[in-house]
Amino acid sequence: MKLTKEGIAVIEGDQYLSKDIEVAGRLDVARELLIGMREHIPEGGVVCDAGANLGDYTATFSEMVGEAGVVYAFEPHTAVFECLRHNMKAYRNVTISDFALGDRSTNASVIVDTHNIGASRLTGDGSGTVRVTTLDRLAGKWERLDFLKIDVEGYETLLLDGAEATIRRLRPVMYVEINPWTLGKLGFEPKDVHERLEKLG
């Protein structure tokens with residue numbers, strides 16, 4: 001972890017998100033993209049940010065939901081989580097967790113991409129020190145979920161399998177990034193994500 005001149009925590013050597021933050025001089029580098037989704041992220045709403053990384057989306061979600069809203073941010077990569085913790089200190093409506101969301105309670109390991117920290121991914125063999133749980137287990141008492149962002153580098157199908165009851169009950173708008181290469185590492189294809197979304201209506 002290193003701090004930019006603005007005091008934002010980034011990852012040394014990361015040529016993508018960390019570099020973008022350093023060049024822009026601000027954490028919320030995804031703001032322009034998310035402004036287009038503003039109608040789905042109401043003030044006082046609830047957002048789940050799965051794969052929060054350094055907090056670039058989380059910061060904008062926090063601003064959008066305001067003081068009456070909540071953002072739940074999940075980031076399992078230990079070094080990246082420490083950056084997220086630092087970057088979210090001033091965001092009182094954000095709850096951060098250092099575990100992953102999947103289809104069951106298990107463990108995983110992080111395969112780190114030092115060149116692009118956002119492309120780091122989890123193993124699916126049940127080994128490692130990263131704790132994995134389901135969104136259904138966590139969100140059982142949530143009364144609302146307005147927006148669910150999923151950027152989990154191949155774990156998309158597993159997360160959706162472990163979130164089916166929550167999605168059916170709370171009907172969030174979803175923003176899902178699909179990376180065919182990382183999906184393939186876990187034996188899935190983009191169609192597997194699409195099929196799950198269609199099943200959920």
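## Ground rules

Because the model is predicted, local features need pLDDT of at least 70 and side-chain atom pairs count only at pLDDT 80 or more, while totals for chains, interfaces and linings use all residues. Residues are numbered from 1 along each chain as its sequence is written, and side-chain values use heavy atoms, with hydrogens and water left out.

## The largest pocket

The largest pocket has a volume of about 560 Å³. A pocket here is an open set of points on a 1 Å grid over the protein atoms alone, where a 1.4 Å probe fits, with protein on both sides within 12 Å along at least five of seven lines. Grid points are joined across faces, edges and corners, and the volume is the space filled by probe spheres set on the points.

The lining (residues with an atom within 4 Å of a point) holds 33 residues, and Gly51, Asn53, Gly118, Asp151 and Glu153 lie nearest the centre. Helix H1 (17–24), helix H3 (56–65), strand E6 (100–101) and strand E9 (121–122) each give two or more residues to this lining. Helices (H or I, at least four residues) and strands (E, at least two) are DSSP runs numbered from the N terminus. By type, the lining has 18 nonpolar, seven polar and eight charged residues. In this count Ala, Val, Leu, Ile, Met, Phe, Trp, Tyr, Cys and Pro are nonpolar, Asp, Glu, Lys and Arg are charged, and the others, Gly among them, are polar.

Strand E3 (residues 46–50) has five of its five residues buried, that is, under 20% relative accessible area with a 1.4 Å probe, protein chains only. Val46, Cys48 and Ala50 point one way, and Val47 and Asp49 the other.

Two strands pair if DSSP finds at least two bridges between them. E3 runs parallel to strand E4 (residues 70–74), joined by five bridges, and alanine 50 stands opposite phenylalanine 74. The chain gets from E3 to E4 through H3 in a right-handed β-α-β crossover; right-handed means that, with the strands pointing away from the viewer, the path from the first strand over the helix to the second runs clockwise. E3 also pairs in the parallel sense with strand E11 (residues 147–150) over four bridges, where cysteine 48 has leucine 148 as its bridge partner.

## A three-stranded sheet

An open sheet with mixed pairing has the order E6-E10-E7. E6 and strand E7 (106–108) are the edge strands. E6 and strand E10 (residues 130–133) run parallel, joined by two bridges.

## Glutamate 82

Glutamate 82 is found in helix H4 (residues 78–87). Its relative accessibility is 35%, so glutamate 82 counts as partly exposed, a class between buried and exposed (over 50%).
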